[in-house]
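Q: Please take a close look at one helix pair in this model. I would like one connected account.

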Amino acid sequence: MRNIAIVLAGGSGSRMKSSKKKQYLLLGDRPVLWYSLHIFQNCPRIEEIILVCGAGEEEQCHREYVENYGFTKIKKITRGGKERYHSVYEGLKAAGDCDYVLIHDGARPFIDATMLERIFEGLADCPACVVGMPVKDTIKMRSAGGYVEQTLPREKLWMIQTPQSFSYPLITRAYEELILREQTSSEQDAGAAKITDDAMVAETILHIPVKLIEGSYDNMKITTPEDLVLAESLASHYRGKG
């Protein structure tokens, strides 16, 4: 099996209130992005890493992660697009022919080898798998007027994380259809702006079931300065993993 990890590192990080993008900020003595790349580099099931970065950052990423840190599995560094789903599509095009892709947000540093094994076990039964965890809090829907509209059944709710993993032909077909609809629709973005993750593309375009795989409550996405403070407390533990 030829498995490829597509790591997204093109986010602007506007909520971080920093001149440096969140995926390049330091956790301990390593950039945020280093942690997930380290796990993929050391996973024997992953043959190649494709890094999707911001415009003009290709040479910087090659220097930092290929030359400096020695991530030899990074075979391609490609430029992302306007929205997240555009960046994923660029990564899929760069992947070429393979069996499975694991699509991961570079701002989630705390994946581990055990989580990846659970993903591959899931892919053996279902061609679309996403990691996540059950929510801990009670979740309520808010009405337009600011009142509680509905209390959702907590036992059925999961917060979704990455990696999100798919049969390459399947997810590529879904993204090609999404982009085609966007290009040919008279409505701006053809509803694609509402796409928030890769599973949603598979669900809405191909109407296929997506299997939930246990992730980790540590598998946080670093978005705000407060997240970075919490991540600092986890970083030393995860630097030795992989």
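What is the handedness of the crossing of H3 and H5, and which residues in H3 and H5 meet?

A: This is a predicted model, where local features need pLDDT of at least 70, side-chain atom pairs count only at pLDDT 80 or more, and totals for chains, interfaces and linings use all residues. Residues are numbered from 1 along each chain as its sequence is written, and side-chain values use heavy atoms, without hydrogens and water.

The crossing of H3 and H5 is left-handed (the near helix is turned anticlockwise from the far one by less than a right angle). Helices here are DSSP runs of H or I, at least four residues, numbered from the N terminus. H3 spans residues 84–95 and H5 residues 168–184; their axes come within 10 Å and cross at roughly 130°. Axes are lines fitted to C-alpha atoms over the stretch in contact, with angles from 0 to 180 degrees between N-to-C directions.

From H3, Arg 84, Tyr 85, His 86, Val 88, Tyr 89, Leu 92 and Ala 95 meet Tyr 168, Ile 171, Thr 172, Tyr 175, Glu 176, Leu 178, Ile 179 and Glu 182 of H5. Contact means heavy atoms within 4.5 Å. These residues divide into 10 nonpolar, two polar and three charged. Ala, Val, Leu, Ile, Met, Phe, Trp, Tyr, Cys and Pro count as nonpolar, Asp, Glu, Lys and Arg as charged, and the others, Gly among them, as polar.

Ser 87 also lies in H3. At 11% relative accessibility, Ser 87 is buried (under 20% relative accessible area, 1.4 Å probe, protein chains only). Leaving aside neighbours within four places in sequence, Ser 87 is in contact with Leu 8, Val 52, Gly 80 and Gly 81.

Notes
Helix = DSSP H or I, 4+ residues; strand = E, 2+ residues; numbered from the N terminus. Buried < 20%, exposed > 50% of the residue type's maximum accessible area, 1.4 Å probe, protein only.
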